[in-house]
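Hello,

Here is the structure you are taking over. My notes on it follow below.

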Amino acid sequence: MTARTLLLLRHGKSDWDAGAADDYSRPLAKRGKRASKRMGQWLAAHAPRPDIVLVSPAARTMDTASLACAALDLPPERIVQDARIYLASHATLLGVLRALPADVRTAMLVGHNPGLEELLSALLGADLPRPDDGKLMPTAAAARLELDGDWQALGSAPVRLVGLVRPRSLAED
């Protein structure tokens, strides 16, 4: 049985003043762009390269994925938009991940809260360390998880938290 790696990345800080027509179209703020790139650099140094990057098609998540994947030196064809991820519940996110093909060893999911925090809580339960401010996945935070077994077992098989990193904890470029 081969271990799988799941990388969760919340979109970077969005620009509420950009004049976007709706929530779906809201772009990243400058801070969000910097943080997305920095998290991609951290992932490149501390995680296996993803075989697939599943992304909500919202503007801010697509921008986050593009910047992080550029830092990971991943080709754009590894980025797969999935409309189910946009503002999804943890149950929907589990369904998306459980449907991954068996040959995918490392997957990255770029999405939104509260779904990402709920997914992390559901997968780790009492083993999840709680930060002082209570925010598990603030903007541009990344989590690295390991699962023994196939993707279909996600949610029932043991999952280990390897790392949970916030952009503020990383050094500036």
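Leucine 87 sits in the loop that runs between S3 and H3. This is a predicted model, and in it the phi of leucine 87 is positive, near 50 degrees, although the residue is not a glycine. Most residues other than glycine have a negative phi, and most peptide bonds are trans. Leucine 87 has a relative accessible area of 48%, so it counts as partly exposed.

Aspartate 82 belongs to the loop between strand S3 (79-81) and helix H3 (90-98). Is aspartate 82 buried or exposed? Its relative accessibility is 12%, and buried means under 20%, so aspartate 82 counts as buried. Leaving out residues up to four places away in sequence, aspartate 82 touches Val55, Ser56, Pro57 and Val96.

Two other places have backbone angles to look at. Aspartate 73, in the loop between helix H2 (59-71) and S3, is not a glycine and yet has a positive phi of about 60 degrees. Aspartate 73 counts as exposed, because its relative accessibility is 57%. The other place is proline 114, in the loop between S4 and H4. The peptide bond that leads from asparagine 113 to proline 114 is cis, and its omega is near 5 degrees.

Next, helix H4. This helix covers residues 115-124, and seven of its 10 residues are buried, so the rest of the structure largely encloses it. Which residues of H4 are buried? They are Gly115, Leu116, Glu117, Leu119, Leu120, Leu123 and Leu124. An α-helix has 3.6 residues a turn, so residues three or four places apart point the same way. The cover over the buried residues of H4 includes strand S1 (3-10), H3, strand S4 (106-111), strand S5 (142-148) and strand S6 (159-165). After H4 comes glycine 125, with a positive phi near 55 degrees.

Now the charged pairs. Side chains of opposite charge can pair when their charged atoms come close. How many salt bridges does the structure hold? There are seven. One of them joins arginine 26 to aspartate 23, with the closest N and O atoms 2.1 Å apart. Arginine 26 counts as buried because its relative accessibility is 7%. Aspartate 23 has a relative accessible area of 29%, so this residue is partly exposed.

Another salt bridge is formed by the side chains of glutamate 146 and arginine 144, at 3.0 Å from N to O. Arginine 144, at 15% relative accessibility, counts as buried. The side chains of arginine 160 and aspartate 148 also meet in a salt bridge, at 3.2 Å from N to O. This pair links distant parts of the chain, since arginine 160 is in strand S6 and aspartate 148 is in strand S5, 12 residues apart. Arginine 160 is partly exposed at 34% relative accessibility, and aspartate 148 is partly exposed with a relative accessible area of 36%. Arg144, Glu146, Asp148 and Arg160 are linked in a network of salt bridges.

Last, the chain as a whole. It has four helices and six strands, and along the sequence they follow the pattern β-α-β-α-β-α-β-α-β-β. The radius of gyration is 15 Å, close to the 16 Å that the globule rule gives for 173 residues, so the chain is as compact as a globular protein of that length. The C-alpha trace spans about 45 × 35 × 30 Å along its principal axes.

Of the 173 residues, 50% are buried. Among contacts with a separation of 6 or more, 75% are between residues 24 or more positions apart. The chain has an accessible surface of about 8,100 Å², and carbon and sulfur atoms account for 51% of that surface.

Regards

Definitions and conventions
Residues numbered from 1 in each chain as written. Predicted model: local features only at pLDDT ≥ 70, side-chain atom pairs only at ≥ 80, totals over all residues. Heavy atoms only, no water. Buried < 20%, exposed > 50% of the residue type's maximum accessible area, 1.4 Å probe, protein only. Contact = heavy atoms within 4.5 Å. Rg over C-alpha atoms; globule rule 2.2 N^0.38 Å. Areas by Shrake-Rupley, 256 points an atom, 1.4 Å probe, with all protein chains shown as cover. Salt bridge = Lys/Arg side-chain N within 4 Å of Asp/Glu carboxyl O.
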